[in-house]
Amino acid sequence: MIHSLLQEQADLATAIDILDKWTAHNMREKHLPGLALGLVYQGELLWGKGYGLADLETGQPVTLDTRFRIASISKTFTATGILQLRDAGKLLLDDPVSQYLEWFDLRYRDAPEITIRNLLTHTSGLPRDSVNAMWTDCAAPGWEEFVAQTRSRRPTRAPYENYAYSNLGYSLLGGIIAVVSGQSWASYLRHHVLEPLGMSETHAVPEADDAQLATGYTRERKNGKRDAFPFWKMNAFEASANFASSVKDLVKYAAFHLGLRGDAVLSPYTLFDMHRVHWLEESWKGGYGLGMGLQKIEDWVISGHGGGYPGYLTAFTICREHKAGVIALSNALGSNPHQIAEQAYKLVLPELIKATGEAKPEANPVWQKFVGDYASEWALQKVVIREGQLQLLYLDDLNGKPTLLEPTDDETVFVLRQAGQSNETLRFELGAEGEVIRLWERNEYSLPID
């Protein structure tokens, strides 16, 4: 069924058609077996399509119901579980890991203990993976072996010294969820995250005989063929990369992370905390939140996570500001779902914003008497009406965004919507004739310039 927006907005439909043709071309050029792509808006599937085959041998096509191993997107579920337990008062993010895993005594020299927050933000200093060739041999250790291996290792740096991606760290978070909840990691997430979100087609522990599970393939060989990877589970590393899901089910997950499921799983305040930067890259072009990667595409902040698993590369991304998202799931190494997601945002999001833009507000005629120039020893200011809004500009810094003046019940008092500042007030003090005699910004004032 075609979404009503695509029927109503020709430019949006054209942008999606271009994305569709480009994606198909990309698949052919790279000889990729299969891909499922979904665009999300306001928590619903705006458009989606399956490309190619879920299994080269049987010829089973990819659909939006096809399940893929989503790999490290699993970390977002594990982080959600930890934050849910935090909100319930059962743990604190700055608690040391050793408080819940008594066997864990890893510590960098005389540095502070590693905390749950360190694990969530990849700032623990712990190694990345197992001591065995887990990703090459497709074999992960069981929990007892994992514990024995981990106890023999040492952090490579002090906590918070730097960001260093660690599957080992997220596996420890799975152990903490089990200890605190009294349930296995998979059982806890099924009952407390998946079921409340209606994600019945998402499996924390996939099975080899799942008819909906796409077969994962190697890179293309010199002879043009691809080999199927064996099915295997992450075992002790399951909290870092074990889930399997489909585009249709991940649309429900996107609705939750977009803040459109207010009754489910996490409070809006915790969701905000999850999607804000907790570690900033040196380039300032990206970072990491609480289980969420963040990046800039054009002027938009995109959060989510990618995944890489033998035979599968995936991307789950959302733009919370515009209530949109892109999900790209592939069943072969050598694919690039992040490139597809980025292209989707560049092509479609501008048209989506235009198509769904709210009508510009109308300026209150009363505001005209506030328009003008104001001065103090600290600044030269200008009050203007633009785009139906009352705005305050600072003539010493026109590169900064204008401050929006949000009306209140008192027509002379406005809330200052100003980046990096508290939402305090601006007030126009009027004289006997109704003229402005002072502009009060918080507790300081400027005078009108004739």
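Bear in mind that the model is predicted.

I'll start with glycine 304. Its place is in strand 9, which covers residues 300-309. Is glycine 304 buried or exposed? Its relative accessibility is 5%, so glycine 304 counts as buried, the cut-off for buried being under 20%. What does glycine 304 touch, once neighbours within four places in sequence are left aside? The contacts are Met292, Gly293, Phe316 and Thr317. For a distance to look at on the screen, take threonine 270: from glycine 304 the separation is 34 residues in sequence, and 15 Å in space between the C-alpha atoms.

Next, leucine 290. This residue sits in a loop, with strand 7 (286-288) on one side and strand 8 (293-297) on the other. Leucine 290 has 0% relative accessibility and therefore counts as buried. Histidine 338 is 48 residues from leucine 290 in sequence, with 20 Å from C-alpha to C-alpha.

Last, the cysteines. How many disulfides does the model have? The count is zero, where a pair would need its sulfur atoms within 2.5 Å. As a reminder, a disulfide is a covalent bond joining the sulfur atoms of two cysteines.

Key: Residues are numbered from 1 along each chain as its sequence is written. This is a predicted model: local features need pLDDT of at least 70, side-chain atom pairs count only at pLDDT 80 or more; totals for chains, interfaces and linings use all residues. Side-chain values use heavy atoms; hydrogens and water are left out. Helices (H or I, at least four residues) and strands (E, at least two) are DSSP runs, numbered from the N terminus. Buried means under 20% relative accessible area, exposed over 50%, partly exposed in between (1.4 Å probe, protein chains only). Contact means heavy atoms within 4.5 Å.
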